[in-house]
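Thanks for coming, everyone. Let me put the structure up, and then I'll walk through it region by region.

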Amino acid sequence: MQVTVDAHSGFCPGVVSAIRKAEEQLRDAETLYCLGDIVHNSEEVSRLEQLGLRTIDHQRLADLHDKPVLIRAHGEPPSTYQVARQNNIEIIDATCPVVLQLQKRIKRVYEDSKMTSQGVQIVIYGKKGHAEVNGLVGQTEGTAIVVEGMQDIDKIDYARPVRLFSQTTMPVDAFRELAAIICRRMNDREDFQYRDTICRQVANRIPHLREFSRQHDVVLFVSGKKSSNGKALFGVCREENPRSYFISHPEEFQPQMVEGAQTVGICGATSTPKWQMEALSRTIHDIFTKK
């Protein structure tokens, strides 16, 4: 049996940077607080917790004073930084550069729109309640319209100007389809502008995973259950290869999953550490070598 770990799977650059910053801080401090899971992978979070990382929510942040807090790659709205200033909290900002640039774009468009009487609507294609989306909506003082799917497009007033942006991890094809639908509905198409703000580090994994899944008899997709990116990418694998299995913990692997397979491909989400995929590969090797 040939087992291959996908070289293109694993942490995206934004997550790599956030984890590196956390590890650097923890070399000099016993405790570092992180606002939300630093990555949607319980195994990696557990590893960092053993080094001293403590995950907190916004309510806990409001009660915290004079401590260092890491902002993860998803980014945060301006209100979070305001609380930090009030509470003398040292911010270690690990917001992904792609997300940070998007926040600045949205804020600039929002500020410009307030200076006119056009009534511009900022629309964000993304998952409601997602940390990144919350940070983007925060740039507009909570006024942006979040569109997760076709069920939400009636929230838009097509008689007013629309500026469309996207959460960085959404599918490119779906974003372009949404843009085309909004454009057709506009009373005046000149009032519609959109920016493709999707991270290609994430988007380019989809065509690669399709090919990777077709090349193997069985696909083992490693990801945390909280990862929306993981759910989306696993769906891509499943479309191409019905023998695809979602594994979030090593004990979920069962030998019968790969029984009879000549080639097994191991891949994962942008929130999946490489060490976790390699550990699964070793587990399979050990089990079948003993046989």
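**A walk through the predicted model**

Start with S223. S223 lies in the loop that links β10 (218–222) to α10 (228–240). One thing to keep in mind throughout: this is a predicted model. Is S223 buried or exposed? S223 is buried, because its relative accessible area is 0%. What does S223 touch, once neighbours within four places in sequence are set aside? The contacts are N41, G230, F246, I247, S248, A269 and T272.

Now the sheet. Four strands make an open sheet, ordered β7-β6-β8-β9, and the pairing is parallel. Which strands stand at the edges? They are β7 and β9 (192–194). Each has a single partner strand, so one side of each has no neighbour in the sheet. On average, neighbouring strands here are turned by 25° against each other, direction ignored.

Let's go pair by pair. Strand β8, residues 162–166, is joined to β9 by three bridges, and the two run parallel. Within that pair, R163 sits opposite Q193 of β9. Then there is a helix on the sheet. Helix α7, residues 172–185, packs there and touches β6 (121–125), β7, β8 and β9. The direction of α7 makes about 170° with that of β8.

On to β6. How many of the residues of β6 are buried? Five of its five, so the strand counts as mostly covered, with buried meaning under 20% relative accessible area. Q121, V123 and Y125 point one way from β6. I122 and I124 point the other way. Residues on both sides are buried.

What are the partners of β6? Five bridges join β6 to β8, running parallel. In that pairing, V123 stands opposite L164 of β8. β6 also pairs with β7, again in the parallel sense, over three bridges. There, Y125 has V147 of β7 as its bridge partner. The chain gets from β6 to β7 by crossing through α6, and this β-α-β crossover is right-handed.

Next, the cores. A general point first: in soluble globular proteins, nonpolar side chains tend to be buried together. The largest nonpolar core in this model has 20 residues. Which residues touch the most other members? L164 and I182 do. The elements giving two or more residues to this core are β6, β7, β8 and α7. Helix α7 gives the most, with six residues. Look at I182 itself. Not counting residues up to four places away in sequence, I182 touches I156, Y158, V162, L164 and F192. There is also a second, separate core of 16 residues, and its members include L32, C34, I38 and V45.

Last, two backbone spots for anyone who checks torsions. D66 has a phi near 60°, a positive value in a residue other than glycine. Where is D66? D66 is in the loop between α3 (58–63) and β4 (68–71). D66 counts as exposed, because its relative accessibility is 52% and the cut-off is over 50%.

The other spot is E141. Phi of E141 is near 55°, also positive in a non-glycine residue. E141 lies in the loop between α6 (131–138) and β7 (145–147). With 57% relative accessibility, E141 counts as exposed.

That's the tour. Over to you for comments.

Conventions:
Residues are numbered from 1 along each chain as its sequence is written. This is a predicted model: local features need pLDDT of at least 70, side-chain atom pairs count only at pLDDT 80 or more; totals for chains, interfaces and linings use all residues. Side-chain values use heavy atoms; hydrogens and water are left out. Buried means under 20% relative accessible area, exposed over 50%, partly exposed in between (1.4 Å probe, protein chains only). Contact means heavy atoms within 4.5 Å. Two strands pair if DSSP finds at least two bridges between them. Axes are lines fitted to C-alpha atoms, for helices over the stretch in contact, and angles run from 0 to 180 degrees between N-to-C directions. A crossover is right-handed if, with the strands pointing away from the viewer, the path from the first strand over the helix to the second runs clockwise. A nonpolar core is a set of buried Ala, Val, Leu, Ile, Met, Phe, Trp, Tyr and Cys residues joined through side-chain atoms within 4.5 Å.
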